[in-house]
Amino acid sequence: MSGKTTFTMIKPDAFEANHSGAIIKIIEEAGFEIKAAKLTKLSAERAGQFYEVHKERPFYDHLVNYMSSGAIIAMVLEKQNAVEDFRKLIGATNPAEAAEGTIRKLFAKSIEANAIHGSDSDENAAIEASFFFSKTERF
Ligand code: CMP
C-alpha cells in the first residue's frame with residue numbers, strides 16, 4: 001500500500017469528445033475523492049515542461065503539440081493506494097492493450113490521444129499536482 005494522492009488530466013481528445021462527465025463518474029464511483037480540479041489549456045511551453053521526462057523520445061514533439069491543442073481537466077485525487085489503483089482504473093497506455101472496462105479501453109483513440117493521464121509514482125504525483133495547483137487550491 002502506497003500514498004493516497006494521485007494526479008490526472010482528462011486529455012484534449014476526451015474533453016473534445018464530451019467524455020469528461022462519464023470519465024469523472026467512473027473515477028468517483030471507484031472511490032477517488034476530487035481534491036482539486038481545473039479546466040485549462042496548456043501552452044506548448046508548459047506541455048513541454050510537463051513531459052520533460054520524455055524529451056528524448058521520438059514522440060515528444062508530437063505529444064507536446066497534441067497536449068497543447070485543446071482544453072484539459074487537471075485533477076488531484078485521493079484514495080488509499082491512489083497511484084496504483086488509478087493506473088488500474090485507466091488501463092494500459094496503448095488502448096489496444098487496455099483491459100475491458102478501463103477508461104482508456106472505453107474512451108481512448110490512440111496510444112497518444114489516450115484520453116487520460118495518471119501519475120506513475122507517489123513522487124511524480126506530488127510534482128505533477130504542484131505543477132497545476134498551489135496548496136491553497138486543494139481541499
Ligand atoms: P501518459 O502516460 O499520460 O504520458 C506520456 C504520454 O506520451 C502517454 O500518456 C501518451 O499520451 C504518449 N505516448 C506514450 N507512448 C507513446 C508512443 N509510443 N507514441 C505516441 N505517444 C505516446
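Predicted model: local features only at pLDDT ≥ 70, side-chain atom pairs only at ≥ 80, totals over all residues.

Reader: Is Lys4 buried, exposed or partly exposed?

Author: Burial is judged from relative accessible area: under 20% is buried, over 50% is exposed, and values in between are partly exposed. Lys4 has a relative accessible area of 43%, and therefore it is partly exposed.

Reader: Which residues does Lys4 touch beyond its neighbours in sequence?

Author: Setting aside residues up to four places away in sequence, Lys4 touches Leu77, Glu78, Lys79, Gln80 and Ala82. Lys4 and Leu77 show how sequence and space may be read side by side: they are 73 residues apart in sequence, yet 8.1 Å apart in space, C-alpha to C-alpha. With Glu78, the side chain of Lys4 makes a polar contact to the side chain, at 3.4 Å.

Reader: How many residues of strand E1 are buried?

Author: In E1, residues 5–10, five of the six residues are buried, so the strand is largely enclosed by the rest of the structure.

Reader: Which strands pair with E1, and in what sense?

Author: To read a pairing, one looks for the bridges and for the sense in which the strands run. E1 pairs with E3 (residues 71–78) in the antiparallel sense over six bridges, and Thr8 stands opposite Met75 of E3. E1 is also joined to E4 (residues 116–118) by three bridges, again running antiparallel. There, Met9 has His117 as its bridge partner.

Reader: His117 has now been named. Is His117 buried or exposed?

Author: His117, which lies in strand E4, counts as buried because its relative accessibility is 11%. Its side chain is joined to that of Glu128 by a polar contact of 2.9 Å. Leaving aside neighbours within four places in sequence, the residues in contact with His117 include Phe7, Thr8, Met9, Tyr51, Phe86 and Arg104.

Reader: Which residues of helix H7 are buried?

Author: In H7 (residues 122–132), the buried residues are Ala125, Glu128, Ala129, Phe131 and Phe132. They cover an arc of only 150° around the axis, which puts them on the same side of H7. Among the elements that cover them are E1, E2 (33–41), H3 (44–50) and E4.

Reader: What is the corresponding picture for helix H5?

Author: In H5 (82–90), Ala82, Val83, Phe86, Leu89 and Ile90 are buried. Seen down the axis, these buried residues fall within an arc of 125°, so they line one face of the helix. They pack against E1, H2 (20–29), E3, H6 (103–107), E4 and H7. After H5 comes Gly91, whose phi is positive, near 90°.

Reader: How does one find empty space in a model?

Author: Rolling a probe the size of a water molecule over the atoms shows where empty space is left. Here, the largest pocket has a volume of about 680 Å³.

Reader: What lines the largest pocket?

Author: Its lining is made of 24 residues, and those nearest its centre are Tyr51, His54, Leu63, His117 and Asp120. At least two lining residues come from each of H3, H5, E4 and H7. H7 gives the most, with four residues.

How values were computed. Residues numbered from 1 in each chain as written. Heavy atoms only, no water. Buried < 20%, exposed > 50% of the residue type's maximum accessible area, 1.4 Å probe, protein only. Pairing = 2+ DSSP bridges. Arc of directions from axis to C-beta. Contact = heavy atoms within 4.5 Å. Polar contact = N/O pair within 3.5 Å; in protein donor to acceptor, adjacent residues only side chain to side chain. 1 Å grid on protein atoms, 1.4 Å probe; cavity = no way out; pocket = protein on both sides within 12 Å on 5 of 7 lines; lining within 4 Å. Points joined across faces, edges and corners; volume = space filled by probe spheres on them.
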